[in-house]
Amino acid sequence: MMTSLALLPAGLRRRLERWWPEPLVIGRREQLLVAAAALFAIALTGLFTALTLGSAPLLVASMGAAAVLLYALPSSPLAQPWPLLGGHLVSATIGVLCAHYVAQPALAAGLAVGLAIFAMIALRCLHPPGGAIALNAVVGGPAVQAMGFGFVGLVLCNTLLMLALAWLLNNYLLRRPYPRVLPPPNRHLIRDPAPLARLGIREEDMEAALSGFNHLLDISRSDLEQVMTLAEMHAYRRRLGDIRCRDIMSRDVISLRPDTALQEAWRLLRRHKVRALPVVTDAGQVLGMVSLVDFLKRLDGSPQGLRERLARLLGGRAGDSRVAAIMSSTLISVREDLHLVELVPLFAERGLHHVPVLAVDGTLAGVISQSDLIAALFRDRLHAG
């Protein structure tokens, strides 16, 4: 297309180029997977509807538009379960009512689409295919009009099947979460923003900007905030330079084996004044971490007698007195070539204090603590000043 525009006069070409859309940022593999997911969803919805409703029409046309949202834009607010379900049902109902009570087809069609949009916005279920389904109820022909409110039942059947398939295909074929969940609250259960949200653009700034924008955006507020945070991190990474985990990690790491006695693990934590130690195999593969918190989790009961209960834990039975019995096996680790900036969310948002650093072969290469990260960032600010 751009080659064809080059043949036009310069003035006309510049005018047309202003209207030419920006390229979509999506890989070729992702394109093929999205198309395959939509193919399966529409085909299976038609098949299941035929088995469920028999001789009724198999599909309503808006399912094609819904497939675009569900698989090409699954994180869009317009593609979430309530907009999909509520938008279709509300619009179908309004469309059937307009077709039944308004004799003039053009007026009925306009009323159906206009009222459907108004209702979807009011009910927080705005879904673009809803406009199509409202129109389809009016101009869909004798077969649709003969169904009456049975058309709403067909729409409900199609929509529930599409929703179930969207959950299945997005999570297990495309490997991305659906539906989009709200960001978790502050992990400390306080009203303060998360650490990364306390500097730079804040929630009230976002609220004011969106209010001034004065029309709907096809992106959720949380996704927009995430994009802005990633952009800020990318800019800081550019200013910081090429500093990798291997440049700041501790290489002389004190580690434990799964069969290390709890008494020995406790002694090493206290001696080296650290809050966690990695647990590794004889070959150097990291299995988990043992922290002070893991010890405290095993001390049930009230604070009274804490010393006695700790003594009983450290001197417990053979099966319960080894590191493997209390270690945290849900491990978050990083590669040694990971950029320093990528560590910030792990420490700031995930609440980690120590992160194992893995070599290319997956063995333990070192450990990075919060202190290591703070020292590196402080040193950068000194050099910048």
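A search of the whole structure finds four salt bridges (a side-chain nitrogen of Lys or Arg within 4 Å of a carboxyl oxygen of Asp or Glu). The model is predicted, so local features need pLDDT of at least 70, side-chain atom pairs count only at pLDDT 80 or more, and totals for chains, interfaces and linings use all residues. Residues are numbered from 1 along each chain as its sequence is written, and side-chain values use heavy atoms, without hydrogens and water.

**Exercise 1.** Describe the salt bridge between Glu30 and Arg176.

*Solution.* Start with the distance: the closest N and O atoms are 2.6 Å apart. Helices here are DSSP runs (H or I, at least four residues), and strands are runs of E with at least two, numbered from the N terminus. Finally, check the cover: Glu30 is partly exposed at 23% relative accessible area, while Arg176 is buried at 16%. The classes are buried under 20%, exposed over 50% and partly exposed in between (1.4 Å probe, protein chains only).

**Exercise 2.** Work out how Arg267 and Glu264 are placed in helix H13.

*Solution.* The two residues form a salt bridge, with closest N and O atoms 2.7 Å apart. They are three residues apart in helix H13, so about one helical turn separates them. Arg267 is partly exposed at 38% relative accessibility, and Glu264 is partly exposed at 29%.
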